[in-house]
Amino acid sequence: MADALSAIPAAVLRNLSDKLYEKRKNAALEVEGIVKQLAAAGDHDKITAVINLLTNEFTYSPQANHRKGGLIGLAAATVGLTSEAAQHLEQIVPPVLNSFSDQDSRVRYYACEALYNIAKVVRGDFIVFFNQIFDALCKLSADSDPNVQSAAHLLDRLVKDIVTESNEFSIEEFIPLLRERMNVLNPYVRQFLVGWITVLDSVPDIDMLGFLPDFLDGLFNMLSDSSHEIRQQADSALSEFLQEIKNSPINEFVKLGGDQLVPYYADILGAILPCISDKEEKIRVVARETNEELRAIQADPAEGFDVGAILSIARRQLSSEWEATRIEALHWISTLLNRHRAEVLLSLNDIFETLLKALSDPSDEVVLLVLEVHACIAKDPPNFRQLVVFLVHNFRIDATLLEKRGALIVRRLCVLLDAERVYRELSTILEGECDLDFATIMVQAYQHASSIIQSMVEEDINVKFLVQLDKLIHLLETPIFAYLRLQLLEPGRYMWLLKALYGLLMLLPQQSKAFRVLKTRLKTVPSYSFSSEQSKWTSGNSYSQVHRMISGSPVSEDGDMDEDLRSVQNGINFASRLQQFEQMQQQHRMHSKSQTQSRYNSTSSSKGVQRPEEPRRPSPVPDMSGPSSRSSRRGPGQLQI
């Protein structure tokens, strides 16, 4: 300290901490001259003492003006040292770098100015501090003070010039520093990083392509930045890497990286998928090409390919607001299922719920792709059962999904999987369904599946029987069928019913589906005339014939069923199925009665207690006991309503 005080007059030190810039500047010029004389005399001990004084008493002072004076003084001392400054850099540079994080923006500004002047003097000798300088500049590039940003940009350009001409720069030591910052979202920092990548790529002796996997995903992320300028800079930087090879788009990087990119698949894909839906066509095209190149590379989990990480990225992108991105995410899941099925199934619990939610996607194309993925997963019996159970559960809690997509989903699954298997599984689940309203709607939704099944197994009369019976179990208990369902089986006794149905047929448009369905059903009723002679038709014969027709049971020439096949045929217990049918119908009747009573009670409560009206005499109900009571019934056209 004494050596420094003896070398520098007290007035100079006083002016060095003055609040006026001009006084500090003049004092710094005095320091420069003093240090120059000491260097010429070879008195480096006093030079060291002067630098320590400027550091400890000024740059580390709690007074801002002292810190400003210390920074300008260190820069002046470096200028005075000229060619001998390198041996004192270990003392000079650290306090300047420390000032880059000063809370006073003016101090940060003077730190940039001081290091700029120091760098101009020592040039390549300060490369040993490059990583610390780069780190400081990266932070200053996003400084809140525009003046500090401007000063940092000037210093940054000088440092780039020095690095490009230096033989001491170590790219191996720099890359980890670059990689750590590539996922920063600040636009100023991103511009700073892209600038350094571009500069280093332009240096012939620096092979940036060899380190491409370390920062490629970060550049891809920048392609989706909200700033048009940053997207252009990132695209330009990526294109420059290929200039030596050929003038082609970014997807060549994936070809170039090849197996080196395997550990970075998830990061690259996470950057690529959003870009597929970018509003700029050029970016969309490049992103799609890159995506296809990435998918074309065969990777093995044993070599570091993380299937779970890719699935996680794809699952996350299924929530994207852009349809094209969601579609590509599904393509990736499908690709992984085809190539690495075992690994995907291990992560099934992580993606299954998201895939089920995707069935509600507003895009039909997305829904169809989701169903393909579900069908691929459901090839395994446990997964098949889980899919149908979850599907029915989703239909139960989401009425809109059932209404809008129920038929499409079931029909598509019948095409992708075994149709009969799908139908039987759904029927099995609905057999135990307590919510009869839901069961009815559900059956209506998958009526389309029955036509597919029948077309696929046209010759299997047993399957057709089960299809129709399972459907009727929940459909026939409507008000009209609750009253007439058994009478239609005995047309000889209830010819008025046949007339009513034929009359209904005549009211329907001929080209309508309802007309065709009803016409087909009526053709299945045994033919007869409406003459009085046909009233001799016995109810037993007509019922048995219709029963055989529906069930597909073999009938002998005299009209009797083969005794051995009367109850069980091809593993199907028809008696049990018909009993189940009757039980389900009874449940529907009770449910309908309960709902009617509930509505009546609700209406009565809202109107208050009123004197009940005199009940009307009920209409006579047709007797179903048999031919013996036929004479007591009204004839056709005489049914009292």
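Buried here means under 20% relative accessible area, exposed means over 50%, and partly exposed falls in between, with a 1.4 Å probe and protein chains only. With that in hand, here are some friendly notes on the structure.

1. **What kind of model this is.** The model is predicted, so local features need pLDDT of at least 70, side-chain atom pairs count only at pLDDT 80 or more, and totals for chains, interfaces and linings use all residues. Residues are numbered from 1 along each chain as its sequence is written, and side-chain values use heavy atoms, with hydrogens and water left out.

2. **Confidence along the chain.** The predictor's confidence in each residue is called pLDDT and runs from 0 to 100. The protein chain averages 76, and 71% of the residues score at least 70. Helices (H or I, at least four residues) and strands (E, at least two) are DSSP runs, numbered from the N terminus. Among the elements of the chain, helix α18 (residues 323-339) has the highest mean pLDDT, 94, while helix α31 (residues 539-551) has the lowest, 38.

3. **Stretches to read with care.**

4. **Helix α8 and its cover.** Which residues of helix α8 (residues 130-140) are buried? They are F130, I133, F134, A136, L137, C138 and L140. The cover over these buried residues includes α6 (89-98), α7 (105-122), α9 (146-164), α10 (171-181) and α11 (187-201).

5. V107 is in helix α7 and is buried, at 0% relative accessibility. Leaving aside neighbours within four places in sequence, V107 is in contact with A64, R67, K68, L71, S99 and D102. Not counting residues up to four places away, R108 touches S99, F100, D102, Q103, L140, D143, S144, D145 and V148.

6. **The R67 and D102 pair.** A salt bridge is a side-chain nitrogen of Lys or Arg within 4 Å of a carboxyl oxygen of Asp or Glu, and a search of the whole structure finds 21 of them. One joins R67 and D102, with the closest N and O atoms 2.7 Å apart. This pair links distant parts of the chain, as R67 is in helix α5 (residues 64-81) and D102 in the loop between α6 and α7, 35 residues apart. R67 is buried, with a relative accessible area of 10%, and D102 is buried as well, at 13%.

7. **The D235 and K282 pair.** How far apart are the closest N and O atoms in the salt bridge between D235 and K282? They are 3.2 Å apart. D235 lies in helix α13 (residues 228-242) and K282 in helix α16 (residues 281-296), so the bridge ties together parts that are 47 residues apart in sequence. D235 is buried, at 16% relative accessible area, whereas K282 is exposed, at 55%.

8. **Other salt bridges.** Salt bridges that share partners join D135, K139, E180 and R181 into one network. D18 also forms a salt bridge with K23, the closest N and O atoms being 3.9 Å apart. Here D18 is buried, with a relative accessible area of 19%, and K23 is partly exposed, with 38%.

9. **I268 in α15.** I268 sits in helix α15 (residues 265-275) and is buried, with a relative accessible area of 1%. Apart from neighbours within four places in sequence, I268 is in contact with L216, D217, F220, L261 and L294. I268 and L219 are 49 residues apart in sequence, and their C-alpha atoms are 9.4 Å apart in space.

10. **S347 between two helices.** S347 is found in the loop between α19 (341-346) and α20 (348-357). Is S347 buried or exposed? S347 is buried, at 15% relative accessible area. S347 touches G308 and L311, not counting residues up to four places away in sequence.

How values were computed. Contact = heavy atoms within 4.5 Å.
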